[in-house]
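Please read the following account alongside the sequence and the coordinates. It goes from the division of the chain to the contacts between its parts and then to single residues.

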Amino acid sequence: MNNTNQKKYLVVTWGCQMNEHDSEKIEGILESLGYISTSDKEEADLIIYNTCLVRENAELKVYGNLGELKRIKRENPNLIIAVCGCMMQKEDVRKVIKEKYSHVDIIFGTHNIHKLPELIEDHDQKMNMLVDVWNDSKEIIEDLPTKRKYDFKAFINIMYGCNNFCTYCIVPYTRGREKSREPKDILKEAKRLSEQGYKEITLLGQNVNSYGKNLEEKVSFAELLYMLNDVEGIERIRFMTSHPKDLSEDLIDEMTNCDKVCNHLHLPFQSGSDRILKKMNRKYTKRQYLTLVDKIRKAIPDIAITTDIIVGFPGETEEDFEDTIEVVKHSKFDSAFTFLYSIREGTPAAKDKDQIPDDIKHTRFNRLLEVLKEISLERNKNLIGKEVKVLVEEISKNDSTKLSGRTDTNKLIHFEGNESLIGSIVNVKVNTAKTWTLEGEIIE
Ligand code: SAH
Ligand code: SF4
Ligand code: F3S
């Protein structure tokens, strides 16, 4: 086929897996319209930026990149520039785009991705920016075409939105209220993926443990996992994120009983201080979190637990921070995402007068990292000499003679092997442990 007349698109994504998966849908929609992908901004006919608002640095990156598009648009006036994602859900952000980035053609939000074909058709280069952002959506749009990044592992949305309103977090304002997909739709998607040869699925939601609460026929997250465990061909099931306040006994039982559900739990605790947890509206205490970790470790001894931690939430004292360190030491996390608290306009914590100075935040952050690194290394060293099952994902980014993949516990491991193994599950013996990665060799 002659491709020269085909329009080319480029989608750039910031943010979490939810956004990555949204971009897979955006790309699917564009390809169904006949667009083909390019990685070169200069030759693109349509550029879409899918944005994130969770922390200030995510936001700044988008503005920087948008500025750069001004020149490209000048050289190619027919280029269509669209911006979508979490940032666009905020009116003040849209105002900034309208005032300072008038070269943007289309703005849409997180709730109307499915409207993209109409938006492209309706927009007019000579007219003002086309803005279509919905505050929330009631129905879930099923069966959008999806161009998946991999052909052996896939994301599946099981729910959208969030009702928790942690006081630091912008996500409930950008993603609307919690809505669960019907189990039959999720199962249909998993079965289709398995027919296409997919081996691993990752279930996505801001708080998967409250899955099913708003369905007419109530289904719990544990029940959903049991159903998915029966889908033939799917060998691994992952999920994120678990909120500690909603993690049930049933889920722990399920993880113990179902062979396909991976031995990994991402369980953000954010802070170890009861006072700060209360101010964050997290609805659990340090003691409750630690008890939960102990219970999980007792039921599933070789599980990997990872977490998210915020340093420098308003009002955090040295004592509060030491509680955080204590939770880290007790819980022995395999790894953690650590964040400096970032003021998000529109959230309750942004109004707090007691903001922590940057230098204190940074010092605490570095101290925390040292403790985490030591524990991660110790956890990884425990695996030396052991045999682990690895889903081979790609040629190693740092060493093209090696492959890299993920263990059941979601650890990154590098080893020698043939490229043809990508997408299959192999046995690997662990030889070397580093802080964030493992190295090993394939065994028969
Ligand atoms: N729904 C998930 C997390 C979504 S956001 C959950 O509840 O666990 C991912 C992480 O970003 C959060 O866990 C938190 O650690 C961090 N985060 C969110 N808002 C933040 C802010 N204003 N400043 C710093 N980190 C933040
Ligand atoms: Fe944000 Fe809290 Fe919802 Fe997670 S649970 S998305 S941290 S409000
Ligand atoms: Fe995700 Fe960022 Fe939105 S973390 S939900 S893309 S604000």
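The paragraphs below treat the domains, one interface, the salt bridges and some local backbone features in turn.

This is a predicted model. The domain assignment divides the protein into domain 1 (8–132), domain 2 (148–262) and domain 3 (387–442). UniProt, in an unreviewed entry, places the feature "domain: Radical SAM core" at residues 148–378. That span is 40% helix and 16% strand, and its end C-alpha atoms lie 35 Å apart. A further annotation from UniProt, "domain: TRAM", also from an unreviewed entry, covers residues 381–444. Here the chain is 2% helix and 56% strand, with 23 Å between the end C-alpha atoms.

The interface of domain 2 and domain 3 can be described in some detail. Taken over C-alpha atoms, the centres of domain 2 and domain 3 are separated by 26 Å. Nine residues of domain 2 are in contact with 14 residues of domain 3. Between domain 2 and domain 3 an area of about 880 Å² is buried, and carbon and sulfur atoms give 51% of this area.

Six residue pairs are in polar contact across the interface of domain 2 and domain 3, both residues of each pair being at pLDDT 80 or more. On the side of domain 2 that touches domain 3, the residues divide into three nonpolar, no polar and six charged. Side chains of opposite charge can pair when their charged atoms come close. Between domain 2 and domain 3 the count is one salt bridge. Lys153 forms a salt bridge with Glu393, and the closest N and O atoms of this pair are 3.2 Å apart.

Tyr150 lies in the loop between β6 and β7. Tyr150 and Glu393 are 243 residues apart in sequence, yet their C-alpha atoms are 8.6 Å apart in space. Leaving aside residues up to four places away in sequence, Tyr150 touches Tyr198 and Glu394.

For the model, the count comes to 38 salt bridges. Arg192 forms a salt bridge with Asp143, with 3.6 Å between the closest N and O atoms. This pair links distant parts of the chain, Arg192 being in helix α6 (residues 183–195) and Asp143 in the loop between β6 (130–132) and β7 (153–157). The two residues are 49 residues apart.

Two backbone features remain. Where is the cis peptide bond that has an omega of about 5°? This bond joins Met240 and Thr241, and Thr241 lies in the loop between β11 (236–240) and α8 (249–257). The other feature concerns Phe165, whose phi is near 50°, a positive value in a residue other than glycine. Phe165 is placed in the loop between β8 (159–160) and α5 (171–175).

Terms used. Residues are numbered from 1 along each chain as its sequence is written. Chains are lettered from A and ligands numbered from 1 in the order in which they are written. This is a predicted model: local features need pLDDT of at least 70, side-chain atom pairs count only at pLDDT 80 or more; totals for chains, interfaces and linings use all residues. Side-chain values use heavy atoms; hydrogens and water are left out. Domain bounds come from an automatic or database domain assignment. Contact means heavy atoms within 4.5 Å. Buried area is the accessible area (1.4 Å probe) that two parts lose on being put together, summed over both. A salt bridge is a side-chain nitrogen of Lys or Arg within 4 Å of a carboxyl oxygen of Asp or Glu. A polar contact is a pair of N or O atoms within 3.5 Å; within protein, one must be able to donate a hydrogen and the other to accept it, and residues adjacent in sequence count only if both atoms are side-chain atoms. Ala, Val, Leu, Ile, Met, Phe, Trp, Tyr, Cys and Pro count as nonpolar, Asp, Glu, Lys and Arg as charged, and the others, Gly among them, as polar. UniProt positions are given in the numbering used here, feature names are shortened, and annotations may be inferred rather than shown by experiment. Helices (H or I, at least four residues) and strands (E, at least two) are DSSP runs, numbered from the N terminus.
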